[in-house]
Amino acid sequence: MLIARPTPVLRWVICAVLIAALAGCAGAVVPPTPTADATPTVGLAGGVTLVLWHGWSSGARQSLSRLVERFNRQHPDGRVILQSVPLTSFDSDLRAALNYGGGPHLILIPSTWVGSLTERDALLSLDDLIAPAETQALLPAALGGARALGSDGKQHLYGLPISFDTLAMYYDKRNVLTPPADTAALLQSARGLSAPAGVPPRWGLGLNLSIDNMIGYLYAAGGRVFGDDGGVALGETGRAGAEQWLAWLAQLQSDPQLLARAENSIQVDRELKDGHVLMTFDWAHQIALYRSLWGENLGVAPLPRLSATGQPPQPYVKSDVLAVNGRVGAGERQAALAFLRFMISADAQSEILQSDLQPARSDLKLDSPELDGQRAMAASAFRSQAQLGRPMPNLGTREREILRRELASMQRQVLRGEAAPADAVTEADRRLREQLAAATP
């Protein structure tokens, strides 16, 4: 007998009914969809039980569950209910729920989704609800990911980051005693360690040259994609740096002593997982992979400076943003704000750090007896890198796709030898201007 797979809307309705039933068992009735005129029932922070959707898994999910349990114990007359939604369907399920005028009270989403959700006024602006002093301890690049243009064309704060993700250099301390301070030292060390003709081969440096991984060095070279006024600056004030960056990437890819690939990143991943690479650049959320490869010999350090300019890279910083449904009522809003403040508290952020996540607070002490030395070392490196980083773009859906596509096309043309850096920058600048203008309402 075949059973049809529930549609996203039907799946959301089923979840809402189950959540309401669970809340009823506790003596509280939760509206299945938060609306502006909903009447809060007796419970948390003045009478509300909140539903939180998230897509975290494994250890991160367990950490979130513990934090919610702790918050609920502190508010015995109400609670937050966690609803896990697979990331593969999270976006479509959320949009389906919002189209019906409802959805969860709280959502924990990647910062890159913020802009597309504000296009439909789905998120509550926190500008007048969270004082600037309350966010001073948060990393600026992580907090920047929670800001986006509203329907009024102005920047607003639409959530609070509770964790962040950025790039750093991972290395095997058995082969690299001191992390290189600049790219010249990095490449010299990598070439000396490489034996590409060996069986198996050994690579001193393995790099996935994707835009997201390497764009930090565009800024280190003096390049920029957008100007201070928000307009495209790639082919103007950012031209010289962008051309230098593209030429440098081409040199990395053509060096036979390095495993540097843009279009064949699968090869880089395979060599990494087989233990044939001794240094690489990767994201903080991948630390468990490198711990499994190198154990106690794992080293993590900020990315080396670009030797040509002496400037540090400014890699992307992603964040996990806790946001509030823009349709919640007044009582629900106060309850949601209480939970947001709890999640950026020092105690909650320390719990996040224990779970191989990087907390958004920049002032957490890393010498706690509960924190092992390796996690403290890694957290220090990621924090240092994030303080130099830039928020990953969280433009509207169309704008974000245009930006990613055109930057990748520019890079691909140069790395394939189809265009000189100057020509590739000129073309990318033109196409970005035309397409972003067409995508703007």
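A residue is called buried under 20% relative accessible area, exposed over 50%, and partly exposed in between, with a 1.4 Å probe and protein chains only. The model is predicted: local features need pLDDT of at least 70, side-chain atom pairs count only at pLDDT 80 or more, and totals for chains, interfaces and linings use all residues. Residues are numbered from 1 along each chain as its sequence is written, and side-chain values use heavy atoms, with hydrogens and water left out.

**Chain overview**

- The chain has 17 helices and 13 strands, taken as DSSP runs numbered from the N terminus (helices H or I, at least four residues; strands E, at least two).
- Of its 441 residues, 51% count as buried.
- The chain exposes about 19200 Å², of which carbon and sulfur atoms supply 53%; the areas come from the Shrake-Rupley method with a 1.4 Å probe.

**Largest pocket**

- A pocket is an open set of points on a 1 Å grid over the protein atoms alone, where a 1.4 Å probe fits, with protein on both sides within 12 Å along at least five of seven lines; lining residues have an atom within 4 Å of a point.
- The largest pocket has a volume of about 1300 Å³, a volume being the space filled by probe spheres set on the points.
- Its lining comprises 40 residues, and Leu-149, Gln-155, Phe-226, Asn-394 and Leu-395 are the closest to the pocket centre.
- Helix H5 (114–118), strand E4 (147–149), strand E13 (390–391), helix H16 (397–415) and helix H17 (421–439) each give two or more residues to this lining.
- By class, the lining of the largest pocket holds 18 nonpolar, 13 polar and nine charged residues; Ala, Val, Leu, Ile, Met, Phe, Trp, Tyr, Cys and Pro count as nonpolar, Asp, Glu, Lys and Arg as charged, and the others, Gly among them, as polar.

**Second largest pocket**

- Trp-56, Asp-165, His-285, Asp-320 and Leu-357 are the closest to its centre among 26 lining residues.
- At least two lining residues each come from strand E3 (106–110), strand E6 (160–172), helix H12 (287–294) and strand E11 (316–324).
- This lining divides into 12 nonpolar, 10 polar and four charged residues.

**Backbone features**

- Val-199 and Pro-200 are joined by a cis peptide bond with omega of about -5°; Pro-200 sits in the loop between helix H7 (183–193) and strand E7 (206–208).
- Ser-58, a residue other than glycine, has a positive phi near 55° and lies in helix H3 (residues 58–74).
- Ser-58 counts as exposed because its relative accessibility is 56%.
- Asp-356, also not glycine, has a positive phi near 65° and is placed in the loop between helix H14 (346–353) and strand E12 (358–359).
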